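Here's a quick walk through one chain, going from the whole fold down to a couple of residues. Have a look at the model first.

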Amino acid sequence: MIPPEAMGGMDASMMEMIPPHAMEGMSADMIAEMPPHAMEGMDPAMMEFMPPEAMQGMDADMMAAMPPDAMQGMDAPMMEFMPSEAMGGMDASMMDMMPPHAMQGMDADMMAEMPPHAMEGMDAAMMEFMPPEAMGGMDADMMGAMPPDAMAGAYGDMLEALPPGALEGMDMSMITSIPL
């Protein structure tokens, strides 16, 4: 087994040479030792093989360095293990590439860490999979950044979980998108 501290010298070109199935051996400690720029070499196939527990080693800088298409390999168990603060590195292009079912792993703390501009990548399918409690991390800026048609995936329990301040970010186009 590779000692975690050996990962400190990893860069994007080295990451690109790792066969996707080799990611099965990654641990949270190994990921945590990698410099953020190493994540530039991550791809969807690598993410698909990474054990969900390894995501505990991620931080916001690593997330921000990841190519958006790597998010295609994300799933709900990986999201469940991701530290909340890592979501601070998300952007709209990453959200746009994430499979909707991955949203099942979101919680309110993760949502609260996401920058508002990341919500520009949200869509109705993602909303359908998001647990209602995740909406507790939303604020008015996040709601205002979300495309209005994303609310077509919202449902009753989800709307009830929204903090009152988040509602201030909604406009009439969002409200009319909500299925009643």
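What percentage of the 180 residues in the chain do buried residues make up? They make up 47%, where buried means under 20% relative accessible area, exposed means over 50%, and partly exposed is in between (1.4 Å probe, protein chains only).

## Ground rules

This is a predicted model, so local features need pLDDT of at least 70 and side-chain atom pairs count only at pLDDT 80 or more, while totals for chains, interfaces and linings use all residues. Residues are numbered from 1 along each chain as its sequence is written, and side-chain values use heavy atoms, with hydrogens and water left out.

## Overall fold

The chain has eleven helices and zero strands, counted as DSSP runs (helices are H or I, at least four residues; strands are E, at least two) and numbered from the N terminus. Read along the sequence, that gives α-α-α-α-α-α-α-α-α-α-α.

Along its principal axes, the C-alpha trace spans about 55 × 25 × 20 Å. Of the contacts (heavy atoms within 4.5 Å) with a separation of 6 or more, 79% are between residues 24 or more positions apart.

## The largest pocket

The largest pocket has a volume of about 180 Å³. Its lining includes Ile 2, Met 7, Met 10, Met 14, Ile 18, Met 26 and Met 30. By class, the lining residues come to nine nonpolar, two polar and no charged. Here Ala, Val, Leu, Ile, Met, Phe, Trp, Tyr, Cys and Pro count as nonpolar, Asp, Glu, Lys and Arg as charged, and the others, Gly among them, as polar.

A pocket here is an open set of points on a 1 Å grid over the protein atoms alone, where a 1.4 Å probe fits, with protein on both sides within 12 Å along at least five of seven lines; lining residues have an atom within 4 Å of a point. Grid points are joined across faces, edges and corners, and the volume is the space filled by probe spheres set on the points.

## Two residues up close

Met 14, one of the pocket-lining residues, lies in helix 1 (residues 12-16). Met 14 is partly exposed because its relative accessible area is 38%.

Pro 36 lies in the loop between helix 2 (28-33) and helix 3 (44-49), and counts as partly exposed at 30% relative accessibility. Not counting residues up to four places away in sequence, Pro 36 touches Asp 61, Met 62 and Ala 65.
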